[in-house]
Amino acid sequence: MKNILVICLLLVGLSSCQNLEEMNINPNLPTETHPQLLLTKIEWDAFRAYRGTSPLYALKMLVQTDGENANQYYKWDRGSYGPYAVLRDVSKMIEEGERIGEPSYMALGKFFRAYYFYNLTLTFGDVPYSAALKGELEQNYQPIYDSQKAVFEGILSELKEASEILEEENTIIAGDIIYAGDIMGWRKLVNAFRLKVMLTLSEKEGEVSLSEFASIYQNEPLMENVEESGQLVFLDQQDNRYPDFNSSGFSSGMYMDSTFVQRLQDREDPRLFIYCTQTKSAKEAGKAIDDFTAYEGGDPAAPYAEVNEKATEGNVSKVNDRYHRDPVNEPYMLLGYSEQQLILAEATIKGWISADVVELYESAVKASFKFYEMYAENYSSFVGEEAAATYLAKPINNFSMAESEEEQLQLIIMQKYLQSFFQLGWTSFYDHHRTGGYPSFRRPAGVEIPYRWIYPQSEYNYNASNVTEAISRQFGEGNDQINKMTWWLE
């Protein structure tokens, strides 16, 4: 009888423990989920990252008239480690994809890791990579910093792995708001991004293996038209609208930069009409939308009060109203067909691949015009196929008339710059440093263009020993400064 009582008590105890464990599980905080739920949010965040107006001031596309903009005058200081928060979701998506046996989510996770770490290392230099994002599994809250070279090698490795995984998959990717689950679309974007990373490292050809560039071009799928671009299309629905829709910033002191306006005017580039408005004076004078003299910008090197006076007189163009009045406006491109073609064109003049460079260059320009014909509907008549052909025939835009490799490079870099208004983030800024100054950026005398951003204060507070070691290794003790050149440019 005693034994029976003991067994009963044990069973009751075990049942109670089991019930307690079940009671301790919070149904509102699940530890597992389908990766498709994470993918949608990750895509939404990634395709909108590194945007806004900040790069446009640094790239000499916008000027501020009601105060001094730090990006316009290259007076920035600290950057942000905010992307690591998104990368936590990426890590979880990879984990959940592995748990349910869906390799496609693991592949996209590797792509997004590569995308964020690519931007992080260009922003700062050395960053936590191999030991990062392991707080949950390994309780490592103070990750070491990897060298920029090691980070780039890791990025290229992860992109290759992503490409190889997707090559073996043939299922629809649920939760995908970019390619509607089409694996081939993702394969093309991943491969195009691999080319972009390799071109970024063009000055390090002897230190990092870039031999796969030609193999990717010859053997892997790449984007074939504008419709296959890696882009986030906005919808006229709550929380799905264009990010600057109804933004009050466009009604304040934001005006066009004379550098950008002049470059478009010099080339008789009809994208000018799509990017900005006529000046108030030009409108009052009755000038047509396609009159290039109806547009004018403010001098980015002048004191903001001086530009404000010119704007008050009605002689400075503002950003086109469509950017804040159209709820869908245009998609955000993470990497588009046009940029891919310009990457290939530059690789051709470098001798990395054998291709028709004129055809690549012209297809890129035509693709940019096509993009705006599709999405800037009220201006589509200015950027049709005939307009693109006329534009390319002008001597200043005609690639066939470039007599040297340097002139060819300038044409390629300029076209990438001209299509990057509210697109491509900081790409043209990094191109400027990579190519030795193309495109040039006007600024006050004595002002140097920074190479990087200072590490976040949070790293000094919570990971001091590792960030201090990384600074000393790269720039010398205590030299966490914006004018310090990082490995990829040395």
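**Close-up views of charged side chains and a buried histidine**

At 4% relative accessibility, arginine 194 counts as buried, where buried means under 20% relative accessible area, exposed over 50% and partly exposed in between, computed with a 1.4 Å probe on protein chains only. This is a predicted model, in which local features need pLDDT of at least 70 and side-chain atom pairs count only at pLDDT 80 or more, whereas totals for chains, interfaces and linings use all residues. Residues are numbered from 1 along each chain as its sequence is written, and side-chain values use heavy atoms, with hydrogens and water left out.

**View 1. Arginine 194 and glutamate 212 meet in a salt bridge.** The N to O distance of this pair is 3.3 Å, a salt bridge being a side-chain nitrogen of Lys or Arg within 4 Å of a carboxyl oxygen of Asp or Glu. Glutamate 212 in helix α9 and arginine 194 in helix α8 are 18 residues apart, and the pair links distant parts of the chain; helices (H or I, at least four residues) and strands (E, at least two) are DSSP runs, numbered from the N terminus. Glutamate 212 is partly exposed, with a relative accessibility of 29%.

**View 2. Lysine 188 forms a salt bridge with glutamate 224.** The closest N and O atoms of these two residues are 3.2 Å apart. Lysine 188 belongs to helix α8 (residues 183-200), while glutamate 224 lies 36 residues away in the loop between α9 (212-219) and β2 (230-232), and the pair thus links distant parts of the chain. Lysine 188 is buried at 7% relative accessible area, whereas glutamate 224 is exposed at 55%.

**View 3. Glutamate 469 and arginine 473 are paired in a salt bridge.** Their side chains meet with an N to O distance of 2.7 Å, and both residues lie in helix α21 (residues 464-475), 4 residues apart, or about one turn of the helix. Both ends of the pair are partly exposed, glutamate 469 with a relative accessibility of 40% and arginine 473 with 38%.

**View 4. Five residues are linked in a network of salt bridges.** The members of this network are Glu346, Lys350, Lys416, Asp431 and Arg434. The structure holds 30 salt bridges.

**View 5. Histidine 433 is a buried residue of helix α19.** The helix spans residues 427-434, and histidine 433 has a relative accessible area of 14%. Leaving aside residues up to four places away in sequence, histidine 433 touches Ile449, Pro450, Tyr451 and Leu489, contact meaning heavy atoms within 4.5 Å.
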